[in-house]
Amino acid sequence: MKNFRFLKITVGMTTLAGLLLSAVAFSDVLIDPSLRPFALSESTGTARVLILVKGVASNLHPQRYDRGSVISYYKDTARRSIEPLLVSYQNKELTGVRFLSLYWINGALLADVTPQGLRNLSNQPTVTKIYNNKRMSFEPGLNARPARRRNADGIKSDYAFPSIGLDKLIKEEPQITGQGVLVGVVDTGVDDTHPALAGKIPLYYNGEEKKVGPAKDFDTHGTHVSGTIAGGDRQNNLIGVAPGAKIVMAGVVEQGYDAMIDGMQWFLDAEKNPIVANKIRAVGCSWNSGGAPDQEVFYRAIAAWEAAGILPVFSAGNNGDGGITNPHEYPGTFAVAAYGSDGKVASFSSRGPGHYKGQDTQKPDIAAPGVDITSSVPGGKYEEMSGTSMAQPHVTGTTALLLQVKADLNPAQLREVLVKSAVAADGQTAGEWSKEYGFGKLNAYNAVKMVSSLQFEMNTSMFLNKMVLNPMGPKALDTQSFSTASLGEVGSEIDQYNDTDTSRWLTATQVYAE
């Protein structure tokens, strides 16, 4: 079994007995409803599933944003958590189950199971949830069409750059281009031969093959997003916010949940990714996982990114009044809404708040240009697209500018700078959150100036306490996770991501009821 090299199982350990005593009962095991027909069938084939087990916290005490110690913590937690299940596997108690991978970033196991194997897993006392390994989706670009602003002089930005103060920054600080900064992108892939991106994609992770390889885009989405982050130059091809930056791409969207989780883990895995694993501090994402019964398997991975020092920058979604799309509601994301050339929020841009564990979260965080955005698409072409996927890379690119100025900014600091430097939308009171714009509109000029002068108070714990709303006013969602732990230790954070809404699941008893 791959990815299990660090696991050493000793049958009969005293810790094993203790773990089993705290196990969940058979009737508590939750099964993805889409697996029920397979579970009750006489199929001779297999289904691919993701398995979550009851979390067992590590004894390690890492400091948040100390990437090496945080990764060791997650690996140790995963080892302790899956140990009983692997003992059962080695003891031949799990016939019909073939384990494929362990994802220490969220403590999940990937397996192929027969109908009998699924039943056997459902009887395991430490198993909590079994997900069908469905396909990820992304926020597609809307109203795609050939770029209208290309002429003999190249491509010029119209409203996008001025609206975020980037034109002013280019005039005053032309050397601030994101030079020397690596940012991550999780998307459909990228065409690294595009003239606007040539030499800017040093590493590409192929989610289908689960290894580093030649870059390619399975769609057009990833190439367009990448162009807005780092494409072009400062003279004749003004499409990229940070044209001096470089992008590390994980092409894992429109593939299985396992590919997404594998790609997320790859950004932190110094063994598989020694070149950049300790350098990425922000990752741009425009994917969603609405087909899952809940989001715990993704919440855990996003939380690991943040704890290890990566700001997860997400599109808020193209759901309009339908609300924030999954898993962008999670408090640890930085969710971006979209507005157009008139400065007004786009009709498609998802309105907040987000909904997480029975509470409302202040999502979106801010808004950025996302209507008729010109950027690169495969084949050396340029297209205009609309969507919060087009807004997100303006923010991701701005993080590259900030990290050029101050390379050691952590996720909490990046978040605070982006929010405090934002400009209120029309009718919005400065500093107040709104469901359309979050805390206001992105302003790259203000953000860079703020970091350059260091004229801001970094009271991270107080700021993060405002991320969650309730009828009595702003408060922290979880004191351990979003207050003291933001500046200190990473505590026992495994079980807190459990989605309390189980209405979209079936219990094992319900699945196998006669």
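Ring pairs link Tyr205, Trp266, Phe267 and Trp305 into a cluster. Rings of Phe, Tyr and Trp (its six-membered ring) pair if their centres lie within 6.5 Å; planes under 30 degrees apart count as stacked, over 60 as edge-to-face and the rest as tilted. The count comes to twelve aromatic pairs. The model is predicted: local features need pLDDT of at least 70, side-chain atom pairs pLDDT 80 or more, while totals for chains, interfaces and linings use all residues. Numbering runs from 1 along each chain as its sequence is written, and side-chain values use heavy atoms, without hydrogens and water.

**Tyrosine 299 and its partners**
- Tyrosine 299 and tyrosine 330 are stacked, because their ring centres are 5.3 Å apart and their planes at 25°.
- Tyrosine 299 lies in helix H9 (residues 296-307) and tyrosine 330 in the loop between strands E16 (311-315) and E17 (334-339), so the pair ties together parts 31 residues apart in sequence.
- Tyrosine 299 and tyrosine 356 form an edge-to-face pair, with centres 4.9 Å apart and planes at 80°.
- Tyrosine 356 sits in strand E18 (residues 354-356), so this pair joins parts 57 residues apart in sequence.
- Tyrosine 299 is buried at 2% relative accessible area (buried is under 20%, exposed over 50%, partly exposed in between; 1.4 Å probe, protein chains only).

**Charge over a ring**
- The charged end of lysine 441 sits over the ring of tyrosine 339, 4.7 Å from its centre (the rule: NZ of Lys or CZ of Arg within 6 Å of the ring centre and within 35 degrees of the ring normal).

Methods. Helix = DSSP H or I, 4+ residues; strand = E, 2+ residues; numbered from the N terminus.
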